[in-house]
Amino acid sequence: QVQLVESGGGLVQAGGSLRLSCTASGPSYYMGWFRQAPGKEREFVSTISWSGDRTYYAESVKGRFTISRDNAKNTVSLQMNSLKPEDTAIYYCAARRNAYFNRAPGEYDDWGQGTQVTVSS
C-alpha cells in the first residue's frame with residue numbers, strides 16, 4: 001500500500017492560481033487527482049503516467065490545470081490556473097498500479113486524505 005499526503009490547498013479568489021502537491025511513500029504507474037464537492041460524487045480531474053508522456057484531464061479543467069510528476073521524489077503536482085468557484089472541492093491524490101488509463105475512482109488503489117480548495121467569487 002502506498003501512503004499519499006497532499007498539500008497546497010487553500011482559499012483563492014476567482015481567476016487566481018493554486019498548486020497542489022502530493023508525496024507518495026512509493027511508486028505507482030498512474031498518479032492523479034480527483035475532487036469531491038459537497039453533495040456530489042467524487043470526480044476525476046487529471047492523471048499522469050509513470051513516464052509523464054500520457055496525461056489526461058477532465059473537460060472542465062482542460063487548458064487551466066496542468067499535472068506533472070517527479071519520480072525521483074515520488075511526487076505529483078497539479079497547477080491550477082484561472083480558478084472558478086465551481087472548482088471548489090476537496091482534492092484527493094490517488095495512485096493506480098495498473099498501467100492502463102482509467103478515470104473511475106474505484107480503479108485507483110491508494111488515496112490521500114484530501115486537501116480543501118475554496119474559490120471565492
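In which strand is Q116 found? The answer is strand β11, and the legends below visit that strand along with other parts of the chain. The model is predicted, so read it with these limits: local features need pLDDT of at least 70, side-chain atom pairs count only at pLDDT 80 or more, and totals for chains, interfaces and linings use all residues. Residues are numbered from 1 along each chain as its sequence is written, and side-chain values use heavy atoms, leaving out hydrogens and water.

**View 1. The whole chain, built from 11 strands and 0 helices.** Strands here are DSSP runs of E with at least two residues, and helices are runs of H or I with at least four residues, both numbered from the N terminus. Read along the sequence, the pattern is β-β-β-β-β-β-β-β-β-β-β. The C-alpha atoms fill a box of roughly 40 × 30 × 25 Å along the principal axes. For 121 residues, a compact globule would have a radius of gyration near 14 Å, and the 13 Å of this chain agrees with that; the radius is taken over C-alpha atoms, and the globule rule is 2.2 Å times the number of residues to the power 0.38. Of the 121 residues, 42% count as buried, where buried means under 20% relative accessible area, exposed means over 50%, and partly exposed lies in between (1.4 Å probe, protein chains only). The accessible surface comes to about 6100 Å², with 47% of it belonging to carbon and sulfur atoms; these areas come from the Shrake-Rupley method with a 1.4 Å probe, and for residues only the protein chains shown count as cover. Among contacts (heavy atoms within 4.5 Å) between residues at least 6 apart in sequence, 58% join residues at least 24 apart.

**View 2. An open sheet of 4 strands in the order β1-β3-β8-β7.** Its pairing is antiparallel, and two strands count as paired if DSSP finds at least two bridges between them. The edge strands, each pairing on one side only, are β1 (4-7) and β7 (65-70). From one strand to the next the twist averages 15°, using lines fitted to C-alpha atoms as axes and angles that run from 0 to 180 degrees between N-to-C directions. Zoom in on β3 (residues 18-24) and β8 (residues 75-80), and you will find an antiparallel pair with 6 bridges.

**View 3. The disulfide of C22 and C93.** How far apart are the sulfur atoms of C22 and C93? They sit 2.1 Å apart, and a pair of cysteine sulfur atoms within 2.5 Å is what counts as a disulfide. By this rule the count comes to 1 disulfide. The torsion about the S-S bond of C22 and C93 is about -80°, so this disulfide is left-handed. C22 lies in strand β3 and C93 in strand β9 (residues 89-96), so the pair ties together parts 71 residues apart in sequence. C22 is buried at 0% relative accessibility, and C93 is likewise buried at 0%.

**View 4. Strand β11 (residues 115-120) with its two faces.** In a regular strand the side chains alternate between the two faces of the sheet. In β11 the covered face holds T115, V117 and V119, while Q116, T118 and S120 make up the uncovered one. Strand β2 (residues 10-13) pairs with β11 in the parallel sense over 4 bridges, and L11 stands opposite T118. β9 pairs with β11 in the antiparallel sense over 3 bridges, with Y91 opposite T115. Q116 is partly exposed at 38% relative accessibility. Beyond its neighbours within four places in sequence, Q116 is in contact with G9, G10, T88, A89 and I90.

**View 5. R97 in the loop between β9 and β10 (110-111).** R97 is partly exposed, with a relative accessible area of 47%. Setting aside neighbours within four places in sequence, R97 is in contact with V2, S28, Y29, D109 and D110.

View 6. You will find S82 in the loop between β8 and β9, where it is partly exposed with a relative accessible area of 41%.
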